[in-house]
Every structure is written in C-alpha cells, then in structure tokens.
Amino acid sequence: MHEDLGREYYLTGSGRKPSPAFQEIYDRYRIFLEDEALEVVRNSGSHVLLEWLVELRTGRKTARLDERQILWEQSAIIEAAGHTVPYLRAPIEIANSPDRVYRIALDDERAKVSAEGLNELRRDRFRMQHEEMGRLGFGGYIETLTELTDIPLLELGKQAAEFLDSTHDIYSECLAELARARLSIDVSSLLRADAAWLFRGERYDSAFPPEQMLDLAVKQMSDLGLEATKGGRVGFATEERAGKQPRAFCVPVRGPAEVDLVRRPQGGHADYRTFWQELGHAMHFASPPGTLSFEARGLG
C-alpha cells in the first residue's frame, strides 16, 4: 500500500501521469484502514506507525478531493497581460520575470482562478481532516497532532513567534534595502508578486549552471565520503515537464531500494538549494539496511 501510494504520488507529481488513482489504491487496501487495524497499531506502542496510519485514514477520506485538485491544477490556464500560462508554471514565471506589471497581473489572476477552482476543495479537505482526527479521542486537531508526532506544537508556535519578533527589525531593515536596490520602491509598496523576484539573484546564475547540478552533487557527496545515488537506488526527475508540480519533493516509494527525487527547474541558486535539500531526504531514505522494520525503512 505504501509503495503503490508513493509511486502514484511520484508519477502524478512529476507530470508523468495526468490522472491520479489514489481512491482506487485506498479501496484495494481498505482492510488496513479499518478500526480494527487502528486498534492494533495503537497497541503496538509505535508513534511512527500510528501517525502513518492516521495519515492514511485521512488520506482515504480526502482522496477524491486530492484527485480533483491535481486534475484541475494540470489543466488550469491563466490569462494575464497578454500571456497564457499553465497554472502550475505560474510561480516559475513570477520568479523569473523582471516585468513587475506582468508579475502582479499574473499573481492576481492566479489568486483569482485558485479562489474559483480550488478554495472549496481545500475547505472540504481541511474539514474532513479535522473530523477524522477528532474521532481518535485525543482532543482537538492540534492536540491530536501533538500526540501523534510527539512535537509540542503550541510551544513550538510560541518559540516561532518569539523568533519572528526578535528578528523583525533586522529583517525589515534588510528587506527595505533590497527593495530599494532591486525594485527602486519603498518596502511598504511590496506585494506578494515581488517576493520570488526579489530574492531571485539572477546575476549569479553563471555560478549555478543547471546542466552541471547533478554532477556537482555527485562530486560533493563523494568528497564527503557519500554516494549521491546510493548505488542507483535514488532516481532523479529534474527536467522540465508540463504538469509537473513546481515544488520539489522526494518520495521513498520502496525504501531503501527505490527513492525518487523530483524538481522542476526554476533557475539559478534556488534550483541548487531545493535540489540539495531533497537530495538529503533521498539519501536518508535510501540508506537504512533492508533488514530493518517497515517503519524504519519506509517512514524515516
């Protein structure tokens, strides 16, 4: 079940498969998602298995919505400032366009079509997730996640707020300086459409050649005494492809034997940063001995 779901997520997220079939997979393995299975996992004492099973149970509830969202994202088109842009490519266009008028128009239209096509799906999905977790008896949504992950989320939120507060002044000062240098505008005039372009750093692109990224990663890992592909167990899908999700991700389809890394090119240092991050995940999942338990091999 874990392998089939992982491969489906990889194929659809990488643009290799246009129509996902999550619901069919969940139905095929529905015996593992019944209350009896939940009780078995509860009694196992494994937080990792319990968190995984709860994610599967909520995933089964929202599978139809997830399928509809992927199909919508792959087919949606944005018309802005005389340009026609596929919905999934819009973030890349916004990050790479020096034309602020076009960036703002594209981002505004992206928000508009998202509100019309996705907001209701997302609201229904969140509602189903909350309802399913509420059935576990741990309390509210945050309390349930805290119990499952063993991470004190309320305390983590407090620490994050304190960090934001303590770094607010220096961040605002640096952001204002960058806005003046990069866009010749006051920081108060910045819009969401400016964010990705603001930090794009295209003048450094020659230092981050896309055609050398994988070779450099292999060499750097080798210098550290590591093998980037883990003997061929790690696969890379880093090419441009229509229907591919703009956000990089890693899927341990069958850890440690089959791990896939997916990244859609954006350009410059951002590609290297996201690739290296996901490569770390991929090497992590491809490293455990095959003799370890399922949760150790497949769930990290």
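Predicted model: local features only at pLDDT ≥ 70, side-chain atom pairs only at ≥ 80, totals over all residues.
Accessible areas here come from the Shrake-Rupley method with a 1.4 Å probe, and for residues only the protein chains shown count as cover.

Overview. Residues are numbered from 1 along each chain as its sequence is written, and side-chain values use heavy atoms, with hydrogens and water left out. The protein chain exposes about 16800 Å², with carbon and sulfur atoms supplying 55% of that area. Its C-alpha trace spans about 60 × 45 × 45 Å along the principal axes. You will find 13 helices and 5 strands; these are DSSP runs numbered from the N terminus (helices are H or I, at least four residues; strands are E, at least two). Of the 300 residues, 38% count as buried (buried is under 20% relative accessible area, exposed over 50%, partly exposed in between, with a 1.4 Å probe and protein chains only). Among contacts (heavy atoms within 4.5 Å) between residues at least 6 apart in sequence, 62% join residues at least 24 apart.

**View 1. R264 and E240 form a salt bridge.** A salt bridge here is a side-chain nitrogen of Lys or Arg within 4 Å of a carboxyl oxygen of Asp or Glu. The closest N and O atoms of R264 and E240 are 2.7 Å apart. This pair links distant parts of the chain, 24 residues apart: R264 sits in the loop between β5 (258-262) and α12 (269-285), and E240 in the loop between β3 (234-237) and β4 (249-254). R264 is buried at 5% relative accessibility, whereas E240 is partly exposed at 40%. The structure holds 28 salt bridges.

**View 2. E258 and R254 belong to a salt-bridge network.** In the bridge between E258 and R254, the closest N and O atoms are 3.9 Å apart. Through shared partners, salt bridges join E3, R7, R254 and E258 into one network. R254 is partly exposed, with a relative accessible area of 42%.

**View 3. E93 pairs with R89.** Here the closest N and O atoms of the salt bridge are 3.5 Å apart.

**View 4. A cis peptide bond runs from G255 to P256.** Most residues other than glycine have a negative phi, and most peptide bonds are trans. The bond from G255 to P256 has omega near 0 degrees. P256 lies in the loop between β4 and β5.

**View 5. A81 and K230 are worth a look for their backbone angles.** A81 has a positive phi, near 50 degrees, and sits in the loop between β1 (77-80) and β2 (83-86). K230 also has a positive phi, near 50 degrees, and belongs to the loop between α11 (213-223) and β3. A81 is exposed, with a relative accessible area of 53%, while K230 is buried at 17%.

**View 6. A181 is found in helix α9 (residues 153-183).** A181 is exposed, with a relative accessible area of 68%. The C-alpha atoms of A181 and S206 are separated by 21 Å, and the two residues are 25 apart along the chain.
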